[in-house]
Amino acid sequence: MSMATRTDAKSPAPHAAAAADSHDLIRVHGARVNNLKDVTIEIPKRRLTVFTGVSGSGKSSLVFDTIAAESQRLINETYSAFVQGFMPTLARPEVDVLDGLTTAIIVDQQRLGADPRSTVGTATDANAMLRILFSRLGKPHIGSPKAFSFNVASISGAGAVTMERGGQKVKERRSFSITGGMCPRCEGRGAVTDLDLTQLYDDSKSLAEGAITVPGYTGGGWNSRLYSESGFFDPQKPIRRFTKKELHDFLHREPVRMKIAGINMTYEGLIPRIQKSMLAKDREGMQPHIREFVDRAVTFTTCPECDGTRLNEGARSSKIKRISIADACAMQISDLAEWVRGLDEPSVAPLLTALRQALDSFVEIGLGYLSLNRPASTLSGGEAQRVKMVRHLGSSLTDVTYVFDEPTIGLHPHDIQRMNDLLLRLRDKGNTVLVVEHKPETIAIADHIVDLGPGAGTAGGTVCFEGTVEGLRTGGTITGRHFDDRATVKESVRKPTGTLEIRGATTHNLRGVDVDIPLGVLAVVTGVAGSGKSSLVHGSIPAGEGVVSVDQGAIRGSRRSNPATYTGLLDPIRKAFAKANGVKPALFSANSEGACPTCNGAGVIYTDLAMMAGVATTCEECEGKRFEASVLDYHFGGRDISEVLAMSVTEAEEFFGAGEAHTPAAHRILTRLADVGLGYLSLGQPLTTLSGGERQRLKLATHMAEKGGVYVLDEPTAGLHLADVEQLLGLLDRIVDSGKSVIVVEHHQAVMAHADWIIDLGPGAGHDGGKIVFEGTPADLVATRSTLTGEHLATYVGA
């Protein structure tokens, strides 16, 4: 009997194995998230599946907001209710059936934290391991790993503690101390802010003559009277003749209550007062004239005490082989990996192995040019995404679903091959890899392709094609038709109208670069990731007078923000409604007086269910329109405000362009939105539902309104479909033909081929880059093939 049992255990019944094998697909039935229209699809497991389609067609809605979101929610549900109370709650996506899900690891393009103390080292595990290494091997020994952390301050204290013991109250003296590594001067930020006193006051004048030049402190108002009538100094005396005490009272005095003209007021030195009233605010939220003053008056300088290392003297004094932790973090990661390889210490062998693996992963993923002390906020979207990938590369997990959001963003064609190899390696370990992607080079390596569309927004949300690359080419979809598109090099290029001279540029890895950027043409700056393109363009061309700079920074906005509020379009619309109806403009804002009182203008009511997913129900009072009923009685051009916000950009452009609703200010903004290819967006769509490509173009449309002769664009093709790139090139041409200059940092070969002038940086990344390796026309670059960019561009155009 026991023999039979053992035999059965070795060879399970055939039907049981067949049941297990039937789970080789992820099945999605009836997905309706955002613009998806009852999408039903089966995705093969342990394969590389690429999702394509125009920007806004529903790729992210299907992959991230449906498949990945449900996988994460189901994993969270395996924890106890107590633990779930501390975790972010996720609502179940709108989908009928989701079968065959595995654990999802999401590697998205969300920027790493913008905290000034966040660095590449703290965002990964590299800094934590280095701190342990130095606390064990560093000479002299200064303490635990905390002693090497610039986020931990050194503190000590002593005092009496009262406790009950055996029914009696007993007092004991206790003392404690924590040795941290934080520089006390800059508090671990590496930079200190100083106020330029010459921008605050004119020391040749007296207070009575209006010496203070800070906005809001001039013209005899209460702010200026506070100082001139305080009694601490003579208001008729020029500031340069103040005694040391008078100057201290004027600039730094602690708050003190006093009466001025019979009114109780608090007197405080000018510098702390400005710091509280102006510098504590977010720069983006300031009024333009205040922002201009702050930009003039505040200077960021490297901390003189720690020399920008963020660490105190103790942390910098402990060394391993004459290298301190500050030196190690400042090294290029590829060099640091070599240094760590040279350490041989059996007592910390497991730590050294883990640290080597982490640093080698950086190099392998193409980020060897970074240093661990690089602020996380300065990384581009593509770099941030690859930093997140580092922790997954050496993972031994299999049968996991990896979800990537355009992993090739910010990558030179030369680096894309390396990224493709990494994706295939993850698949070959037995994982399911889902990739949202636009680049043909990555689409070409897919085992399975899902093409969404046919259009964007409401015109998308359906599956147009499923199958192989060969099938896509002949499938007749927009992606299939444009898959083999190749731009040709311009035969004739525009002649420059002038030059922008850059001399001795040394930002980051630039090595005293001298270059003349031609104006009046489309100039493209290229080079491998980390070669110094952004350092040259953003570091040497100041965004200010006549320069409009559109970087890759994320759009900030809550679910209350929408394209109409972000672009400033709502202002002329509100004014037009108010004028036509003889009421206040504030009534036509869902964030102000016109808001529905039940849902406070949100359109939905959120019910928080603690550790369970919260429930959002459409507000019954306003039926999701966000406005109170009386506001919807006011009409303009036959429409109420909620109907206008429900229009698409194209409809609204027609509506405000002519007829009784003619509003030139609104029409101008709508034309710009249509120009960048966002005609399908509805004006009231929450910003939180926009895709990466849509946000990038929304930002471009907003900046096009700024007065400037030079436009500096950082990878405007990020998140754009092959078909949308053509429209972008048309827009760039129109900007140049209107007499402006356009300087573009770009990796997309179609933009390079379309350029009038190319500046190529390299030859490598980090300290192997930072030099100009080519200047000239695209045709010359293809002909000489002297650089990596030249070789890839020549292959692309078929030369």
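Let's start with a pair of helices: H15 and H16 pack at an angle of about 35°, and their axes are 12 Å apart. Their crossing is left-handed. On the H15 side, the contact is made by Arg386, Met389, His392 and Leu393, and on the H16 side by Met419, Leu422, Arg425 and Leu426. If you sort the residues of that contact by type, you get 5 nonpolar, 1 polar and 2 charged. Before I go on, please keep in mind that this is a predicted model.

Let me stay with one of those residues, His392, which is found in helix H15. Is His392 buried or exposed? With a relative accessibility of 17%, under the 20% cut-off, His392 counts as buried. And what is His392 in contact with, leaving aside its neighbours within four places in sequence? The answer is Ile105, Val107, Tyr402 and Leu426.

Helix H15, residues 381-393, lies across E5 and E14, and runs at about 150° to E5. Helix H16, residues 413-428, packs on the sheet too, touching strand E3 (48-52), E14 and strand E15 (432-436). The direction of H16 makes about 150° with that of E15.

The sheet itself is open and has 6 strands, in the order E5-E14-E15-E3-E16-E17, with mixed pairing. Strand E5 (104-107) and strand E17 (462-467) are at the edges with a single partner strand each, so one side of each has no neighbour in the sheet. From one strand to the next, the twist averages 15°. As a quick reminder, strands of a sheet pair through backbone hydrogen bonds, either parallel or antiparallel. Which sense do we find for E5 and E14? E5 pairs with strand E14, residues 401-405, in the parallel sense, over 4 bridges.

The peptide bond joining Gly453 and Pro454 is cis, with omega about 0°.

Next, a second sheet. This one is open as well, with 3 strands in the order E2-E1-E4 and antiparallel pairing. Here strand E2 (39-44) and strand E4 (97-99) stand at the edges, each with a single partner strand, so one side of each is left without a neighbour in the sheet. The twist averages 5° from one strand to the next. Strand E1, residues 25-31, and E2 run antiparallel and are joined by 5 bridges. Within that pairing, Ile26 has Ile43 as its bridge partner in E2. Helix H3, residues 59-76, packs on this sheet and touches E1, E2 and E4, with its direction at about 115° to that of E1.

The loop between E26 and E27 holds Pro763, and the peptide bond from Gly762 to Pro763 is cis, with omega near 0°.

Back to helices for a moment. Helix H13 (residues 333-341) and helix H14 (residues 349-364) pack at an angle of about 155°, with axes 9 Å apart. Since angles over 145 degrees count as roughly antiparallel, that is how H13 and H14 are therefore described. Among the residues making the contact are Ile333, Leu336 and Val340 of H13 and Leu352, Leu355 and Phe362 of H14. The whole contact divides into 9 nonpolar, 1 polar and 3 charged residues.

Lys321 has phi near 50° and lies in the loop between strand E12 (319-320) and strand E13 (323-324). Arg626 has phi of about 80° and sits in the loop between strand E23 (615-618) and helix H23 (641-645). Which one is buried and which exposed? Lys321 is exposed, at 56% relative accessibility, whereas Arg626 is buried, at 14%.

How values were computed: Residues are numbered from 1 along each chain as its sequence is written. This is a predicted model: local features need pLDDT of at least 70, side-chain atom pairs count only at pLDDT 80 or more; totals for chains, interfaces and linings use all residues. Side-chain values use heavy atoms; hydrogens and water are left out. Axes are lines fitted to C-alpha atoms, for helices over the stretch in contact, and angles run from 0 to 180 degrees between N-to-C directions. Helices (H or I, at least four residues) and strands (E, at least two) are DSSP runs, numbered from the N terminus. Angles under 35 degrees count as roughly parallel, over 145 as roughly antiparallel, 65 to 115 as roughly perpendicular and the rest as oblique. Contact means heavy atoms within 4.5 Å. Ala, Val, Leu, Ile, Met, Phe, Trp, Tyr, Cys and Pro count as nonpolar, Asp, Glu, Lys and Arg as charged, and the others, Gly among them, as polar. Two strands pair if DSSP finds at least two bridges between them. A crossing is left-handed if the near helix is turned anticlockwise from the far one by less than a right angle, and right-handed if clockwise. Buried means under 20% relative accessible area, exposed over 50%, partly exposed in between (1.4 Å probe, protein chains only).
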